[in-house]
Amino acid sequence: MDMNQLDTFSTDTKPLELIEEYTFTSHELMLKVLGPGSAFIQPLSRQLGVKIGLRGDTLLFRGDPETVGCAVSLVDQLSRVCRDGKTLKEADVVRGARILAQNPGTQLGNIFNDVVHVTSARRLITPKGLAQKQYVDTIRNRDLTFGIGPAGTGKTYLAVAVAVNELLAGRFKRIILTRPAVEAGEKLGFLPGDMVEKINPYVRPLHDALNDMMDAARTQDLLATGQIEIAPLAFMRGRTLNDSFVILDEAQNTTRAQMKMFLTRLGYSSKAVVTGDTTQVDLPHSAISGLVDARRVLANVEGIGFCHFTDVDVVRHELVQRIILAYEKNDSATVKRQSDRDENHGENQSE
């Protein structure tokens, strides 16, 4: 909304409404924060639930005091981020609005300016929210980190990004990426080909992440020299992993014994990250997920970090966030119905 068309933005406030102004220090800075043609104003207004107008280099916000305060803080922080040299996209503005709406005291610069890795295409990989920032910091500062949450929250992608950056910086001699070969009821033996061809569908997501960090030729060179190794979890048995950055993906599909086996492979000068979604366990119903068990057993062990993500942290298509939320609501309703049936059944038996 352009405040040069002031008739579209009434300054008459309703009870409990507030109007605040924010003036940019330069027209150039305003263009960086609001995007070409002030294109970011509409998504910003929609995300925060405030009316926003523009007059010259001054933004005008109208809404309830809390959301107006959040909007002013957001624009001020985005201005500082732009002064530090970052180029904003609409997704950054929307992401910043979501972060401050959930955690008003957050300093966006600490998140937006934290470069985890620079890809071969010179693209910067940075945390997309407070949960991702805390996750990256935990990986950096702990020898063992668990990242637990729904698909699309960047658990594996960020872990691979940190690992690649650490390998290229010479802080580790190799990266080992592993995951259990359990997918939606299928078994390796049912797939055609030799062992490598059988394994490939299970580790393909890890290959994709690597190819996003480096050009394909560099990835292949590191795989050929053994500086990067991708293998199913069963291949970890009996090994001691020294000077290694190890990532266990899809850990919800490990058994208790497999999880214990993996965690006890960690050797000197090594770091491990375990990722998984406890709502997507593909093990037989009688089996206990190693990830669920580890979360309980290791919760109070010093030196281990646990980072939890929710549907709010999903960074894929916004529809994915709504899908996850819908399934969570359905699962909760199913559990409640089952609980009610069990309770009624117990009462009938007692009569």
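Visitor: Which residues of H4 are buried, and which helices do they pack against?
Guide: In this predicted model, the buried residues of H4 are Asp92, Val93, Val94, Arg95, Gly96, Ala97, Ile99 and Leu100. These buried residues pack against helix H1 (27-34), helix H2 (41-48), helix H3 (65-83), helix H5 (108-112) and helix H6 (130-141).

Visitor: How far apart are the end C-alpha atoms of helix H4?
Guide: Helix H4 covers residues 90-102, and at 1.5 Å a residue its 13 residues should span 18 Å.

Visitor: Are Arg95 and Asp92 buried or exposed, and what is the N to O distance where their side chains meet?
Guide: Because buried means under 20% relative accessible area, Arg95 counts as buried at 10%, and Asp92 counts as buried at 7%. Being three residues apart in helix H4, Arg95 and Asp92 are separated by about one helical turn. Their side chains meet in a salt bridge, with an N to O distance of 2.5 Å.

Visitor: How many residues apart are Asp249 and Arg179, the partners in another salt bridge?
Guide: Asp249 is buried, with a relative accessible area of 5%, and Arg179 is buried as well, at 4%. The closest N and O atoms of their salt bridge are 3.1 Å apart. Asp249 lies in the loop between strand E9 (244-248) and helix H10 (256-263), while Arg179 lies in strand E7 (residues 174-179), so the pair links distant parts of the chain, 70 residues apart.

Methods
Residues numbered from 1 in each chain as written. Predicted model: local features only at pLDDT ≥ 70, side-chain atom pairs only at ≥ 80, totals over all residues. Heavy atoms only, no water. Helix = DSSP H or I, 4+ residues; strand = E, 2+ residues; numbered from the N terminus. Expected span 1.5 Å × (residues − 1). Buried < 20%, exposed > 50% of the residue type's maximum accessible area, 1.4 Å probe, protein only. Contact = heavy atoms within 4.5 Å. Salt bridge = Lys/Arg side-chain N within 4 Å of Asp/Glu carboxyl O.
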